[in-house]
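Good morning. I will go through one model today, strand by strand, and then turn to some side chains.

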Amino acid sequence: MGHDSMIDGAGLTPETSLAMFRGLLNSAPDSIVIVKRNGQIVLVNSRTEKMFGYDREELLGQPVEILLPAHLHGRHFAHRAQYVAEPHTRPMGEGGELSGRRKDGSLFFVEISLSPMHIEGDLLVTAIIRDVTRRKMAEEEIHRLNNELEQRVRERTAQLEATNRELEAFCYSVSHDLRAPVRHLSGFAKLLQKRSAESLDEKGLRYLRNIDQSAALMGQLVDDLLAFSRMGRSEMAAEPVDLAQLVRDVHQHLAPEYDGRRVVWEIGELPVVRGDAAMLRQVFVNLLSNALKYTRPRAEARIEIGLATGSDEPDGAMAVCFVRDNGVGFDMQYADKLF
């Protein structure tokens, strides 16, 4: 049987196996360069020619350093000697950036993987080279954009801090201007009650008490406004808040708004939660004031405050409260505009 008809263990002739090997080599998406232990190039695939701009004949027999930037040649000689002394499969240049050099002298980013193989007692090293320039450019662009974003965040934060300082100064000014008339209302109401209590009937005395209570509520709202202005540079106070007591206080302060009206209040059991008491008070003032306002056309207003079913989780993670009334309401098709 002649050499041409010899069949290897896989059932292919050596010529067929060699043709398949060359086809596989040239169809690889990465550059493949095989060198001897002395660094001399003995084989390259077609991708190497395209990637580095050399013809195959220009590379065969040349030192592999021809594919590296000149400033890396000396360092590479030492690394190659170390690798030949202890050859094993590994990536090249771990922890650093590698560059390839084209025939025209231009550089580009690469990743290189090394694998040793022994043929006829001689060591050959296979280098698989991948062009990662696009990825590196994308990473650099992301890094640049992140730096720009961080700079914008710093600038925006500085602007917000300046705005918050202006808001706090404004609130101090407004609160000072509001406190004076509020004190006058409360003071003169008390003087009038003290001086004319005997000449006023029960309704007149109730009016004076309502004036005094409203002035006290206004003072509390001014304090809450100041607390709100400070939120721009400090965290909200997280402390235990008895919602039941808070709602009772708000209900009492709003008494002048429903005086003389038929209002049925249904206040369910409310828990102690952690939150900012001033902010929570303002929430309930707003909700209950709206409920009173929009139930005014009803002969009998019904306002319910309670805890949503299933919101009292065992670990106390969340409590969902509601305020429900029989007021005029609104058309749900415009809900997105309302909120």
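How many bridges join strand β1 to strand β2? Three bridges do, between residues 31-36 and residues 41-44, and the two strands run antiparallel. Before going further: this is a predicted model, where local features need pLDDT of at least 70 and side-chain atom pairs count only at pLDDT 80 or more, while totals for chains, interfaces and linings use all residues. Numbering starts from 1 along each chain as its sequence is written, and side-chain values use heavy atoms, with hydrogens and water left out.

Helices (H or I, at least four residues) and strands (E, at least two) are DSSP runs numbered from the N terminus; two strands pair if DSSP finds at least two bridges between them.

Back to the hairpin. Isoleucine 34 has leucine 43 in β2 as its bridge partner. Four residues lie between the strands, and glycine 39 takes a positive phi near 90 degrees.

Next, the open sheet. Its three strands come in the order β8-β10-β11, with mixed pairing. β8 (263-267) and β11 (321-325) are at the edges with a single partner strand each, so one side of each has no neighbour in the sheet. β8 pairs with β10 (residues 301-307) in the parallel sense over five bridges; isoleucine 267 has isoleucine 305 in β10 as its bridge partner.

Helix α9 (residues 277-294) packs on this sheet and touches β8, β10 and β11, contact meaning heavy atoms within 4.5 Å. The direction of α9 makes about 15 degrees with that of β11. Axes here are lines fitted to C-alpha atoms, for helices over the stretch in contact, and angles run from 0 to 180 degrees between N-to-C directions.
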